[in-house]
Amino acid sequence: MSKDEEWVMIALDPKMSRRQGMPPQLPIPKSEFEGLADKGLSIENARKWIKSFLNDSPAGKDGNWRKKNSQLVSALEVFLDKAPLLDRAQKGFAENDFEKALSALKRIASMDPDDHAARLNLAAAQTALRDYPAALKTYQSIRKTFEGDADYHVGLGQVHATMSNKDAAIDEFVLALEAQPDCQPALDALAKLGVLVPVYENPRDATSLTYVRSDKVDEYLASVWDAEARDAAYYLEQLAYHEREARPIVVLAIAERIIKLGDAASAERGELAKIAALRDLGRRDEALAAAKAYVEKAHSAGAYVELGRSLAAAGNTDEARAALDKALEADPGDLLALQYRFWPADAATNIQGVSNAIPALAAFAEAHPNAVGAWRSLARAKIATGAKDEGIDLLKKAVALRPEDDDLRAELWTHLGNEKRYQEIVEDAGKLENLAKRDWKLRWNEAEAYLGLEKKIEARGAFSAINFDDSLHVDIRKRAKRAVKSIDEGLTLGGVMSNPETPPAAT
């Protein structure tokens, strides 16, 4: 830079100076001053200009000027001296060496107490090292400088949350949202604390994600549903989504709407969902009354299953078993009835109990050879107790009885995948017509089978097709997109799509 350069000394806003770790005044070459508003002020340029000003400008070389402006000169020199330490701190963060970052930032804080940007990073390093009391103290020391900054409030809120200061944490996350309404870390943190609930208004549309107060979810969704006329198909999709998300109060509201529509094809789904939701809400007497009333109307397997579950919840074990027997008389293949009738309640942890149930379950299946669900339940029991080949053979038998059942076939393919029998999946897939129109779980299992066989091009194509299928739930499509990315990056997926649970999953 020319020694004849003219300089302009500008005073920075005190808060901005502290936020950026800049000196209170900054020398700027006159030739750069006019374009500063468009280009912005970078740390790199500030260092270059300060160094040139102190070394080359007439004022910088004037001892009297330096003595008269000693505080400013000191601030400018400290700003230059901090540069290697800032680089060291940044390198520490990049390497996850938070001790290195901490050491450098402590030195900066000692050299320049007004560098609040360094203190903000110091709090982050202390948090990473789990020194939460120190981090809290550091965050609080710079509050006036960063109040209204979303990142600051999120960082402080996370420290409060970790220290179990829930109310203080919530306050900080709310302040972050006031500063930046779409601040995702704050939204996620409030969801984790149970204050907000992430909800897809349309489970197939990623852009419909919104965050709702946890105590207002049912009211909010009611306003969405009432925005226009809705048919049974719409409510059935909503019902399945909110059942998966375990929101019984919402499920109850949807079920009542389905019942009110009077659509014959969806009426039972609504009635059964209503009974289950009442039970999940702890309203057992109402659930039992609703189950008894529906059994009088329907006499279906599903009605008797919900009656049995409601009786069991009320402690009426014998009556519950009798209701389940009625359910199996109506439909020997009803998976829920089979689960509650034969499997132990603690099947997830009681493998011996599952093993003890197999003889009775096998006898029932033999007595009802055309009941697909009976063979499927027996297969699950075999697999849960380690007899995986037997279980897979039983699932094949069930598929042969009902070849059009995609969910059943997907369960078979999942277990074949677990045993790395990928070629069998691919061969079976080759026998199906128009697989692209079949259940997404089949397509996912086929994709993973290709991946298991190292056929990455075919696997990528299958996952991509799922990703672009806008009829699927957005979370499924997101996972497919991640699978494609993993393949592109040369990585492998961490196991099959849906590891089987020990107790049978009711379908």
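Helices here are DSSP runs of H or I, at least four residues, numbered from the N terminus.

A word on the source. This is a predicted model, in which local features need pLDDT of at least 70 and side-chain atom pairs count only at pLDDT 80 or more, while totals for chains, interfaces and linings use all residues. Residues are numbered from 1 along each chain as its sequence is written, and side-chain values use heavy atoms, with hydrogens and water left out.

Back to H29, residues 456-467. Its 12 residues should span 16 Å at 1.5 Å a residue, and the end C-alpha atoms are 16 Å apart, so the two agree. The expected span is 1.5 Å times one less than the number of residues.

Next, the aromatic rings. The whole structure holds 11 aromatic pairs, meaning rings of Phe, Tyr or Trp (its six-membered ring) with centres within 6.5 Å; planes under 30 degrees apart count as stacked, over 60 as edge-to-face and the rest as tilted. Phe146 and Tyr152 are stacked, because their ring centres lie 6.0 Å apart with planes at 15°. Phe146 is buried at 5% relative accessible area, and Tyr152 is buried at 0%. Tyr234 and Tyr235, with centres 5.5 Å apart and planes at 75°, are therefore edge-to-face; both are buried. Finally, Trp7, Phe53 and Trp65 form one aromatic cluster.

Definitions and conventions
Helix = DSSP H or I, 4+ residues; strand = E, 2+ residues; numbered from the N terminus. Buried < 20%, exposed > 50% of the residue type's maximum accessible area, 1.4 Å probe, protein only.
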